[in-house]
Amino acid sequence: MSLMNAAAYLDSLRDGRQVYLDGEPVADVTEHKGFRNAARSIAALYDALHGEARDTLTCDDAFGQRTHRFFTPAHSAADLLASREAIRLWSRMTYGFMGRTPDYKAAFMSGLAIGADYYGEFADNARRWHRAFTGQGLFLNHAIINPPLDRSKAIHEMRDVFVHVVRETDAGILVSGSKMLATGSALTNATFVAPVASALLEEGKAEDFALVFFARMDNPGLRLLCRPSYEARASSPFDYPLSSRFDENDSVLVFENALIPWEDVLVYRDRERATGFYAASGFANLYNFQSGIRLSVKLELMIGLLSLGVRANGTQGFRGIQAALGELIGLQHLLQALTAAMACDPERTAAGAWVPKLEYASALRIQVPQIWKRVRELLETALGGSPLVTVSAAADLLDPQVRALVDTYYRGAKLPPEQRLKLFKLIWDATGSEFGARHAVYESHYSGNADQIRLDALNWARRRGHLGACEDLVQRCMADYDLEGWTGGPWR
Ligand SMILES: Cc1cc2nc3c(=O)[nH]c(=O)nc-3n(C[C@H](O)[C@H](O)[C@H](O)COP(=O)(O)OP(=O)(O)OC[C@H]3O[C@@H](n4cnc5c(N)ncnc54)[C@H](O)[C@@H]3O)c2cc1C
């Protein structure tokens with residue numbers, strides 16, 4: 001096995017997968033106007049593994065396979081720091097605007113071989129998938145959320161729509177049901193399906209839903225129903241420089257009597273393991289690490305956009321505008337600091353991998369939605385209506401009459417009109433276009449609903465004794481005094 005390059009990756013997507021967009025099946029995602037450029041953006045990541053950045057991006061794993069640094073478990077802070085550089089380098093190739101590049105799911109897959117025993121009778125499946133993942137650099141998406149069709153019902157009461165086992169055969173299990181929202185799935189090699197960590201799977205009732213498995217994208221029982229493609233609607237790179245190449249379509253996955261071979265199953269009708277693997281694998285520790293590094297790159301772009309935007313408007317000298325830019329820079333430093341701490345002050349999983357501390361991962365997870373909301377607010381406030389002082393399309397600039405008007409009336413404080421329009425169209429695509437709006441929803445929700453990400457922090461603090469230690473500190477403080485005055489210490 002060897003790591004895919006761009007051509008091998010694109011070839012791996014031509015497998016008869018059933019992807020539906022705009023009322024039609026997509027014959028070839030690598031050529032279809034809704035996916036073509038996003039596929040090429042991912043393909044470029046694979047080529048980079050073999051290019052001049054090879055040593056930054058890859059290393060030899062414990063099995064002697066060359067792989068992406070984040071695809072293999074870390075054994076020291078130095079390993080995590082090296083992974084941080086690899087993640088950052090890939091993120092810079094998409095300006096932080098692709099959330100689910102193949103390194104995202106490495107947060108789970110990297111520890112699959114050393115943690116294989118967790119999966120009991122399916123441990124060899126874990127080892128085999130790990131080897132394939134690291135050896136080829138497979139691109140996996142994940143689908144763990146049940147669609148919000150009736151949140152008031154228990155999972156087992158939604159058998160008609162939630163993923164469950166229909167029956168088992170000698171070859172494997174037949175599964176039916178749907179999952180949301182498998183980001184990037186149309187461009188991946190396989191999807192990882194599991195209940196979300198907080199899923200309540202009732203004993204004696206929900207065993208059929210207690211499944212964890214890999215589904216290959218060419219499974220005849222799997223269909224992908226896509227949201228609109230922003231790439232397909234992007235009229236030109238000049239008008240939509242991000243939508244037109246980084247749109248990782250989110251899909252609803254529908255399984256109908258899909259045969260999942262036994263060798264692709266990790267957990268079968270086991271309620272404990274079906275959700276317990278999250279904590280055991282260190283997934284939350286690691287995906288937040290990857291996401292934080294990616295977001296930090298995205299903020300670098302946003303800092304540049306705000307700085308150039310206010311200069312184009314001639315507002316860069318105003319005090320409030322400078323304060324906004326300073327705050328944005330501070331947010332990016334915060335992410336850098338958090339991900340540095342996550343690398344340099346790690347903890348060990350039970351299986352022996354070094355992963356960022358869960359407390360740091362949890363802090364970052366809570367901050368991400370707030371940070372992105374604030375970034376958008378800062379740009380919207382500082383730039384006012386300027387992102388919409390634009391023309392309808394690049395084509396307007398090719399029309400001599402409109403061009404003459406643009407050249408007169410669209411000049412920036414220090415920018416020629418064409419450059420000004422180019423800049424503000426990029427700003428709009430990052431914040432206000434349909435692609436930009438989807439990014440706002442993505443950064444708010446990809447890691448769980450707003451309550452859950454905070455509840456998890458509380459539950460983890462309870463479980464690990466941090467909450468108890470905080471309460472003890474209060475008791476100690478109150479023990480310093482009573483009704484008579486000071487009980488001890490330097491105040492007595
Ligand atoms: C752009 C985008 C990309 C995504 N990509 C992926 C992906 O690749 N893979 C994947 O698996 N998922 C993905 N998701 C799904 C994402 O994980 C969920 O949106 C997220 O976990 C929140 O779940 P939800 O949307 O179902 O909201 P809900 O969990 O339904 O929450 C909505 C609101 O209802 C409240 N609520 C819901 N249930 C309860 C309850 N039982 N008790 C009290 N309050 C409740 C919540 O507190 C919240 O305020 C993506 C989402 C988006 C928006």
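**Exercise 1. The open sheet**

In what order do the six strands of the open sheet stand, and what is the pairing?

*Solution.* The model is predicted: local features need pLDDT of at least 70, side-chain atom pairs count only at pLDDT 80 or more, and totals for chains, interfaces and linings use all residues. Residues are numbered from 1 along each chain as its sequence is written, and side-chain values use heavy atoms, with hydrogens and water left out.

Step 1. Read the order, which is β2-β1-β10-β11-β7-β6, with mixed pairing.

Step 2. Identify the edges. β2 (24-25) and β6 each have a single partner strand, so one side of each is left without a neighbour in the sheet.

**Exercise 2. Cavities and a pocket**

*Solution.* Step 1. Define the spaces on a 1 Å grid over the protein atoms alone: a cavity is a set of points where a 1.4 Å probe fits but cannot get out, whereas a pocket is an open set with protein on both sides within 12 Å along at least five of seven lines; lining residues have an atom within 4 Å of a point. Grid points are joined across faces, edges and corners, and a volume is the space filled by probe spheres set on the points.

Step 1. Five cavities of 30 Å³ or more are found in the whole structure. The largest cavity has a volume of about 100 Å³, and its lining includes N146, K179, P195 and F213.

Step 2. For the second largest pocket the volume is about 290 Å³. Its lining has 13 residues, of which L308, L415, Q419, K422 and L423 are the closest to the centre. Both α10 (283-313) and α15 (417-431) supply at least two lining residues; α15 gives the most, with four.

**Exercise 3. Loop residues**

*Solution.* Step 1. Set the classes: buried means under 20% relative accessible area, exposed over 50%, and partly exposed in between (1.4 Å probe, protein chains only).

Step 1. Y95 belongs to the loop between α4 (77-93) and α5 (103-109). Its phi is positive, about 55°, although Y95 is not a glycine. Y95 is partly exposed because its relative accessible area is 35%.

Step 2. R269 occupies the loop between β12 (265-268) and α9 (271-281). This residue, also other than glycine, has a positive phi near 50°. A relative accessible area of 40% makes R269 partly exposed. As background, most residues other than glycine have a negative phi.

Step 3. G317 lies in the loop between α10 and α11 (319-344). Its relative accessibility is 53%, so G317 counts as exposed. The C-alpha atoms of G317 and A258 are separated by 61 Å, the two residues being 59 apart along the chain.

Definitions and conventions. Two strands pair if DSSP finds at least two bridges between them.
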